[in-house]
Amino acid sequence: GPLSLSEPPAPVAMAATPRPGVAQRPQRADRQHGQALVLGLFLVFATLAVLLLMFNTGRVVDEKMRLTNAADATAWSVATLEARALNYDAYTNRAIVANEVAIAQAISLISWMHYFETAVENAPNLNQVAASWLYKPGEYPRLLQLLAGVNGTSYLDVGSGGSLRAIVEGLDIGLGTIATAHDAVANALSLSQRVMHASLDTGIAQAGFANDFVRRIDPDMRASINPISHGFRNLTRTMAKDSAQGDARQRIADVTLRSRDAFTRERVWSIRGLNLPPLQRKVELKRRGGTELIGYDEWRALDTLEHQGQRMKRWRWRWRRTPLAWGGAGFTGDEGADARRGDHGDTYTSNPITTLNRAEPAIVDAGAAHFGGLPETRELRDLSPAAEHRSGVTVHVAKARERLRGSGGIGSVQPQGNLRAFEATAPGGHLAAMARAEVFFERPAARSDNKTERASLYSPYWQARLAAVTPTDRAWAAGRQDGMALP
């Protein structure tokens, strides 16, 4: 029909002609439209929160590990400091003993020189005794050696115008000065022990050392020592003249006397004669002498040579005792000579006449200067084998919360139980760790005689090792952490 001018012609649907070689996308009539930005922002914030929590937890764990390592290192170092102090006590005690033995040697030489001087002066008496008595054949070589030494020295002394006495007097002064010097050294060593223990026994030195040690690891760390379980002060005690138990120098006296050399301990020999009744019997030329510590404040040396034998007189055996040589020396403290007697090689029993009438009155005082006697030393408080010779020290290392290397504790997830130690708001306002170490005695190698060496302050075998903290330590630390015990 005819076309209407008011209506446009209807569009004609045409089929799409596929292009050869080109894949066609399927057509969707219901495609979705909208924004994913809001959900993306929530995801970003959640991710950041998780990352922040992980960062906080990681930093706190790192700080906790650093504190734990610092506590272990500090506890071991403080225990090592105390072990070295005990080893220093052992070395100084040994040095004091060595100086006291040197004093005894000097006194022995003074006494022996005076003994030899009187032997030279009494050379005629010695010759007469040797010619008047008969000795065992095997003893004559020693007797001839003695006679040769004494008579030869007597000949030289006469030829030099009596120089032997001047030599002996010079040795008195020299050896007395040496003895005085050794006494001064022994007392200086004793003083060094007292100075060292003045700070160690109170724990002041250990606390200062511990704080200096952790600050070198981290300037924000602080260390403290548990005074309740710190046993160093109770491990040792002073062996002094005026201690609470009285004069406690028996220990140093025993060790010193056992440490004397053979010459200082005793100077003993005998030349025996034949038993020829009715001519003679019990014939003996006795040399006796030794150096002893009388009490704790005097070194005394005595030397005697006496000839003894029995001869028949009016059908009865009668003793004949002839003093031939004697000498004595002493190094005496402020209180003067002690009335007690030492053994001195059994001279009081074997040679009583020479000892009491000649040697004792002839004792030469070698104290050219002040002698203080045996000095004060340190020793373990309990030396019994059953005692536990160990000392423990517990160190608490802390770092303030505001100094921790974290984000300030923004994370909201808070662990519970033992893991509470890692929470962002540290209990007590700081993060902390605790460690304990102990000082113990143990030889690094076994003795060659297979004997067990007990702990003492005369053997420098004190060592340190880490140990488990005690319940007392945990309770003490909990008081510093708002009642929370450290794991």
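A nonpolar surface patch is built from nonpolar side chains joined within 5 Å, each residue having over 30% relative accessible area and no salt bridge. Keep that handy for the first exercise; the model here is a predicted one.

**Exercise 1. Find the residues that make the nonpolar surface patch of about 610 Å², and work out whether Phe45 is buried or exposed.**

Solution. Start with the members: Leu37, Leu41, Val44, Phe45, Leu48 and Leu51 make this patch. Now check the cut-off: exposed means over 50% relative accessible area. Phe45 comes in at 56%, so it counts as exposed.

**Exercise 2. Go inside: which residues touch the most other members of the largest nonpolar core, and which element supplies the largest share?**

Solution. The core has 33 residues, and Leu86, Val397 and Trp462 touch the most other members. Elements giving at least two residues each include α1 (37-121), α4 (163-200), β9 (390-400) and β10 (430-441). The largest share is 9 residues, from α1. Then zoom in on Val397: beyond its neighbours within four places in sequence, its contacts include Leu67, Ala70, Val214, Met221 and Leu431. As background, nonpolar side chains in soluble globular proteins tend to be buried together.

**Exercise 3. Take the salt bridge between Glu121 and Arg165 and say which parts of the chain it ties together.**

Solution. The two side chains meet at 2.9 Å, N to O. Glu121 belongs to helix α1 and Arg165 to helix α4, so the pair ties together parts 44 residues apart in sequence. As for cover, Glu121 is partly exposed at 46%, and Arg165 is partly exposed at 46% too.

**Exercise 4. Track Asp297: what does it pair with, and is it buried or exposed?**

Solution. Its salt-bridge partner is Lys241, with the closest N and O atoms 3.9 Å apart. Lys241 lies in the loop between β2 and α7, and Asp297 in the loop between β4 and β5, so this pair ties together parts 56 residues apart in sequence. Buried means under 20% relative accessible area. At 17%, Asp297 is therefore buried, while Lys241, at 40%, is partly exposed. One more step: Asp297 is also in contact with Thr332, a residue of strand β6 that is buried at 18%.

Key
Residues are numbered from 1 along each chain as its sequence is written. This is a predicted model: local features need pLDDT of at least 70, side-chain atom pairs count only at pLDDT 80 or more; totals for chains, interfaces and linings use all residues. Side-chain values use heavy atoms; hydrogens and water are left out. A nonpolar core is a set of buried Ala, Val, Leu, Ile, Met, Phe, Trp, Tyr and Cys residues joined through side-chain atoms within 4.5 Å. Buried means under 20% relative accessible area, exposed over 50%, partly exposed in between (1.4 Å probe, protein chains only). Helices (H or I, at least four residues) and strands (E, at least two) are DSSP runs, numbered from the N terminus. Contact means heavy atoms within 4.5 Å. Patches are made of residues with over 30% relative accessible area and no salt bridge: like charges are joined within 9 Å, nonpolar side chains (Val, Leu, Ile, Met, Phe, Trp, Tyr) within 5 Å. Accessible areas come from the Shrake-Rupley method with a 1.4 Å probe; for residues, only the protein chains shown count as cover. A salt bridge is a side-chain nitrogen of Lys or Arg within 4 Å of a carboxyl oxygen of Asp or Glu.
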